[in-house]
Amino acid sequence: MEILMCVAVGILFAVAVFLILSRSLLRIVLGMSILTHGVHLLLITMSRLKTGAPPLLGEMAEKYVDPLPQALILTSIVINFGLTAFFFVLSYRSYLKLRTDDMEEVRGRPYE
Amino acid sequence: MNNLVVLPILLPLVTGVITLLFFRKINIQRFFSVIGLLATATVSTILITRVAQSGVLTLNMGGWKAPYGIVLVADMVAALLVVAASIIALACLLYAFRSINKEREQHHFYPFFHFLIAGVNASFLTGDLFNLFVSFELMLISSYALIVLGGTERQLRETIKYVLINIVSSALFVASIGFLYSITGTLNMADLSVRIAEVGQSGVVTLIAVLFLIVFSIKAGLFLFFWLSGSYAAPPAVVTALFAGLLTKVGLYAIVRTFTLIFYHDPDFFNALIGWMAGATMILGVIGAISYRDVNKILIYNVVAGVGFVAFGMAAASRSALEGLLFYMLHDMLIKTLLFLLGGALIAVAGTSRLDNMGGLIQRYPVLGWMFFISALALAGLPPFSGFPGKLMLFEGGFEAGLYGLTGVAVLSSLLMLYSVLRIFIQAFWGEPPAGMARRPYAVNGLLIPAGILFAFIIVMGLGAEGMFQLTSRAGDILLHPNIYIDAVLKE
C-alpha cells in the first residue's frame with residue numbers, strides 16, 4: 001500500500017513540476033495546488049498506513065494510528081488553502097494590471 | 001516553565017489584531033503599534049537578562065511534556081536574535097510613519113507588519129520543527145502582503161515570483177519534515193537530536209539534511225538567492241529594510257540551529273558543502289554589488305554577500321567562528337536595515353534610485369551623508385564599529401579551521417563591499433548635482449531619527465563589544481554543545 005501511495009505522490013509531484021514550469025499563470029497556480037496535495041499525501045504515507053484503525057482510543061486500544069501526522073496535515077492544508085486563495089487573487093489582480101498571464105512577459109524591465 | 005518565553009510572539013500578534021480593528025483610524029493604529037513594539041522590546045530585554053541569569057528557558061505549551069507537546073525554547077542564541085528583531089522592528093515602524101503613504105496605512109500595513117514580527121520571533125523561539133514551518137508561513141504570508149501592498153505593476157510582477165519560489169520551498173520543507181518524521185518518529189528538535197545520535201547519521205539522514213539545507217538556503221538567500229534581487233527591489237524602502245534585516249536571517253538561524261543541534265554528526269561533508277556555498281554567495285554577491293549603478297540593487301547584493309559571511313562561520317565551525325557568526329549576524333541585521341533606511345532617505349531626496357542622476361547632495365543633506373559614510377565603514381567592519389569584532393572572530397575561526405582560501409575570499413569581499421557602498425557615497429554626495437535632479441528640499445529629518453536609533457546601536461555594539469562577548473560566548477557554548485539545549489528541553 002505504501003508503495004502505491006509513493007507512486008501516486010511521485011505522479012502528483014511530476015504533474016505539479018510540469019505545470020509550474022509552464023508559462024501560463026493559471027497553470028502555475030494549479031501546479032502549486034497539486035504540489036501541496038502531493039506533499040500532504042506524502043506526510044500521511046510517511047507515518048505508515050493502516051486500515052480500520054482510528055487515531056486515538058485511549059491507553060488500552062488494540063491498534064491505533066499515529067495521530068501526529070494527521071494534525072500536521074490539517075495545519076498544512078489550512079495554510080495552503082489560504083495561500084492558494086491568495087495566489088488566485090494575486091494572479092487575477094496582476095492579470096488586470098499587467099494585461100497578460102504569460103510569465104515570459106513579466107520578466108522585468110531592463111532598466112530596473 | 002516560564003511564560004515569559006511566549007510574550008515576544010504573543011504581543012505582536014495581539015497588537016496586529018488590535019490595529020486590524022481600527023483599520024480606518026491611522027492615528028490609533030500608530031499609537032497601538034508603538035505601544036505594542038515597545039512592550040515587545042521590553043519583554044525581550046527582560047527575556048535576555050533572565051536567560052543570562054538562569055540559562056535556557058523553556059515553556060511547554062498547554063502543560064504537555066516536551067517530546068510530546070509543543071515547546072518554546074529561549075536560549076541565548078534565540079534571545080539575542082529576538083532582541084535585535086525588536087530593535088529593528090521599532091526603527092522600521094518609526095520610519096514607516098514618515099515614509100508610507102496613507103493608502104497603505106489604511107489597507108492593513110500595520111497588522112501585516114506586526115504579524116511578520118510575530119512570525120519572526122516565533123521562528124527564533126520554537127523548539128519544534130513543524131512549528132518552525134508554521135512560523136515561517138506566518139512570516140512569509142505577511143511578507144507577501146507587505147511586498148504587494150500598493151499594487152504597482154512592478155510589485156505585482158515581483159510578488160508572483162516571490163510567492164511561487166516560497167511556496168515551492170515550503171512544500172519541500174514539509175516533505176523533508178515528513179521524511180524525517182518517518183525515520184525518527186518525533187519533531188521536537190531536542191528529541192530529534194537525541195534520536196539521531198542514537199541511530200547514527202546514516203546516508204538517508206544525510207540526504208534529508210541536504211533537503212533541509214536547500215529549503216533554508218532558498219529562504220536565507222544562501223547561494224540560492226536568484227529570487228532575492230528582484231523581489232527586494234519592488235516594495236517601498238521600509239519594507240525592504242525590514243526584509244533585509246529579518247527574513248534572510250531567519251533562514252540563516254534555521255541553518256545554524258538545525259546543523260548545530262540535529263545534523264552535527266557529519267561535519268566534514270556539511271562544513272565543506274556550506275563552505276562552498278558561502279564562498280560562492282560572497283563572490284557572486286559582491287560581483288552584483290559592484291556591477292550595478294542603482295542604490296537599491298547595490299544594497300540588495302550586499303545583503304546577499306552578508307549571508308555568505310554568516311555561512312562562512314558555519315563552515316569554519318570552531319569556537320571563535322561560531323561566536324563571531326552570532327556577533328556578525330546581529331551586526332548584519334542592524335547594519336543592513338540601517339543602510340536600507342538611509343538608502344530609502346537618499347532615494348527620497350534625490351527622487352531617483354539611479355546613481356548617474358545623483359550628485360552633490362552633501363551640501364543640502366550633510367547629516368544623511370555622514371551617517372551613510374559611517375554606516376559604510378561599519379558595514380565593511382572597520383573599528384570601532386560593530387562589524388569589526390564579529391569579522392575579526394570569523395576570520396580567526398577561518399584560520400583556526402585551516403580554511404585559508406575561504407578566509408581570503410571573505411577578506412576580499414569585505415573590501416569590495418566597502419567599495420560598492422562608498423561608491424554610492426561618492427557618486428551621490430560629492431561633486432555637482434546633475435541638471436535633471438530634483439531640486440525641491442525634502443524634510444529628511446523625520447527619516448533620520450529612526451535610522452539614528454540603529455546608528456546608535458551600531459556604535460554602542462562596537463564600543464561595548466566586551467559586554468557583547470559575554471553574551472555571544474554563552475550562545476557559542478550552546479552552538480558547540482547541543483547537550484545544554486537538549487537537557488534544558490527534555491529534563492524538566
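Q: A salt bridge is a side-chain nitrogen of Lys or Arg within 4 Å of a carboxyl oxygen of Asp or Glu. How many salt bridges does this rule count over all chains?
A: This is a predicted model, where local features need pLDDT of at least 70, side-chain atom pairs count only at pLDDT 80 or more, and totals for chains, interfaces and linings use all residues; side-chain values use heavy atoms, with hydrogens and water left out. Residues are numbered from 1 along each chain as its sequence is written, while chains are lettered from A and ligands numbered from 1 in the order in which they are written. Over all chains, the number of salt bridges is 11.

Q: Does B:Glu105 count as buried or exposed?
A: B:Arg30 and B:Glu105 meet through their side chains in a salt bridge (2.9 Å, N to O). This pair links helix H2 (residues 26–54) of chain B, which holds B:Arg30, to helix H4 (residues 102–106) of chain B, which holds B:Glu105, 75 residues apart; helices (H or I, at least four residues) and strands (E, at least two) are DSSP runs, numbered from the N terminus. Buried means under 20% relative accessible area, exposed over 50%, and partly exposed in between (1.4 Å probe, protein chains only). B:Arg30, at 23%, is partly exposed, whereas B:Glu105 has 3% relative accessibility and therefore counts as buried.

Q: Which helix of chain B holds the salt-bridge partner of B:Asp75?
A: B:Asp75 forms a salt bridge with B:Arg257 (2.6 Å, N to O). The two lie 182 residues apart, B:Asp75 being in the loop between E2 and helix H3 (76–99) of chain B. Both residues are buried. The helix holding B:Arg257 is H11.

Q: Which residue joins B:Arg157 and B:Glu158 in one salt-bridge network?
A: The closest N and O atoms of B:Arg157 and B:Glu158 are 3.8 Å apart. B:Arg157 has a relative accessible area of 3%, so it is buried, and B:Glu158 is buried at 8%. Salt bridges with shared partners join these two to B:Lys161.

Q: What is the bridge partner of B:Leu57 in strand E2(B)?
A: Two strands pair if DSSP finds at least two bridges between them; strand E1 (residues 57–60) of chain B has four to E2(B), and the two run antiparallel. In E2(B) (residues 71–74), B:Val71 and B:Val73 point one way and B:Leu72 and B:Ala74 the other, and all are buried. The partner of B:Leu57 is B:Ala74.

Q: Which residue takes a positive phi just after H8(B)?
A: Helix H8 (residues 189–199) of chain B has buried residues that include B:Met189, B:Leu192 and B:Ile196. Just after H8(B), a phi of about 80 degrees is taken by B:Gly200.
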